[in-house]
Amino acid sequence: MSGTVSGTVSGQQSATAAPTARRRRLAAWSALVVAFIVGGLVLVLVSPDEWSERPLLDAASPAPDGARAIVRLLEDRAGVEVVVATGIDEAIADVDAGGTLALGATAPLADADLRRLVDAADGVLLLSPAARDLRLLFDDAAFRGRGDGGEVAPSCSLPVASRAGAIVPGAAYAPGDATGCYPVAEGAWALLTSPAGDRVAVDGTALLANEHLDRAGNAALALALLGGGERVVWYLPTDADAATEPKTLGELTPAWVTPAIVLAALGVVAAGLWRGRRFGPLVAEDLPVTVRAGETMEGRARLYARAADSRHAAHLLRRGAERRMARRLGLPRTAASEQIADAAAARLGAEPTAIRALLLAEPQRDRELVAWGERLRHLEAAVDAAVRTERTPS
């Protein structure tokens, strides 16, 4: 009767424990889902713009390759109004109202649009001069290497360069008909000015970027080039001609998609680490048929004979013999064939060259393989006998 009572009690306990475990698992999953949802909402609401990649010298970017620092200096210290244009038509309208044009990489612009934009501006500072820009706007100037990271003093009569002093330049250009300043090498200058003086080309990524602005006179030169007027139009033509260019997938998707994908990936990884576990050791199970090792060996031998692959069969025989002889001779498993042959020759008192020739032979035909295998077997037997004799001398 006592056995019946104890069985009933244990059954009730197990029945109670099962729903409790399920409730705990359900509560843990619910807490995990809620935590990731809250985290995703925080990421989207607090910093949605940080997920989008900004172009080089972006006026609002605090990244090392951004240009927020020089824009703040222009606005706070020089009292210059900085207007950021987002399209070719907007940029032309802004420069028509007056001011200096700070123009980024012009690759998206057609030649006609580039000329129309530059002609409408009172002054132009090219921030990322390309070969086409130098050819069209600076009378066949060309790219000519880069600086070595050291400071370079001006060697021209340009007032802004004289006031700024030495800078740490980036790219250098052959001037053509333009005027060069800050010589980097023979015939190469870090700053070019057009004959009329209304266009300037300089490597803005090395001069105006946030991470380089505090070097030498970089900031002073940038303020002098851009702060001469009351207004600067900052235009990076990354979205030029947007009416005819198809939008990318990143432009079509909402801002919350990227953080949601990142959050989902983190959730999958966290769930895998939480729930992933081993299933324990494998259960031993008797095979339905027991195959003797000799039958397996004969089957493989017939396959090698049918394939007429004497070299592969010789390789297997050699590897097995070397492994056994290395163990008997006290050599490591990683010992080379030459080491095993020399050790066997020393133990047998034989010529090492002969043992090496036997062990490293490459039989090409079945008859050669059979003869070589017999000699290899005799060698292994001799090594075995020599080792046993030394261990148990008569």
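Which helix gives the most residues to the lining of the second largest pocket? Keep that in mind while you colour the model.

**Stop 1: confidence.** This is a predicted model. Colour the chain by pLDDT. The average is 82, and 85% of the residues score at least 70. Now select residues 1-15. Their pLDDT stays under 50, and the model gives them 0 contacts beyond four places in sequence. Next, select residues 240-244. Here too the pLDDT is below 50, but this stretch has 4 contacts beyond near neighbours in sequence. Where pLDDT is low, predicted coordinates should not be read in detail.

**Stop 2: serine 61.** Go to the loop between helix H1 (2-46) and helix H2 (68-76); serine 61 lies there. Is serine 61 buried or exposed? Its relative accessibility is 3%, under the 20% cut-off, so serine 61 counts as buried. Show its side chain. That side chain reaches the backbone nitrogen of alanine 63 at 3.2 Å. Then display Arg54, Gly66, Ala67, Arg68 and Asn210. Serine 61 touches these residues, leaving aside those up to four places away in sequence.

**Stop 3: the second largest pocket.** Its volume is about 640 Å³. The lining has 19 residues; select Met297, Tyr304, Ala313, Leu316 and Leu317, the closest to the pocket centre. Then show helix H11 (293-307), helix H12 (310-329) and helix H15 (366-391), the elements that each give two or more residues to the lining. The opening question is settled here: H12 gives the most, with 9 residues. Finally, colour the lining by residue class. It divides into 10 nonpolar, 2 polar and 7 charged residues.

Note on methods. Residues are numbered from 1 along each chain as its sequence is written. This is a predicted model: local features need pLDDT of at least 70, side-chain atom pairs count only at pLDDT 80 or more; totals for chains, interfaces and linings use all residues. Side-chain values use heavy atoms; hydrogens and water are left out. Helices (H or I, at least four residues) and strands (E, at least two) are DSSP runs, numbered from the N terminus. Buried means under 20% relative accessible area, exposed over 50%, partly exposed in between (1.4 Å probe, protein chains only). A polar contact is a pair of N or O atoms within 3.5 Å; within protein, one must be able to donate a hydrogen and the other to accept it, and residues adjacent in sequence count only if both atoms are side-chain atoms. Contact means heavy atoms within 4.5 Å. pLDDT is the predictor's confidence in each residue, from 0 to 100. On a 1 Å grid over the protein atoms alone, a cavity is a set of points where a 1.4 Å probe fits but cannot get out, and a pocket is an open set with protein on both sides within 12 Å along at least five of seven lines; lining residues have an atom within 4 Å of a point. Grid points are joined across faces, edges and corners, and a volume is the space filled by probe spheres set on the points. Ala, Val, Leu, Ile, Met, Phe, Trp, Tyr, Cys and Pro count as nonpolar, Asp, Glu, Lys and Arg as charged, and the others, Gly among them, as polar.
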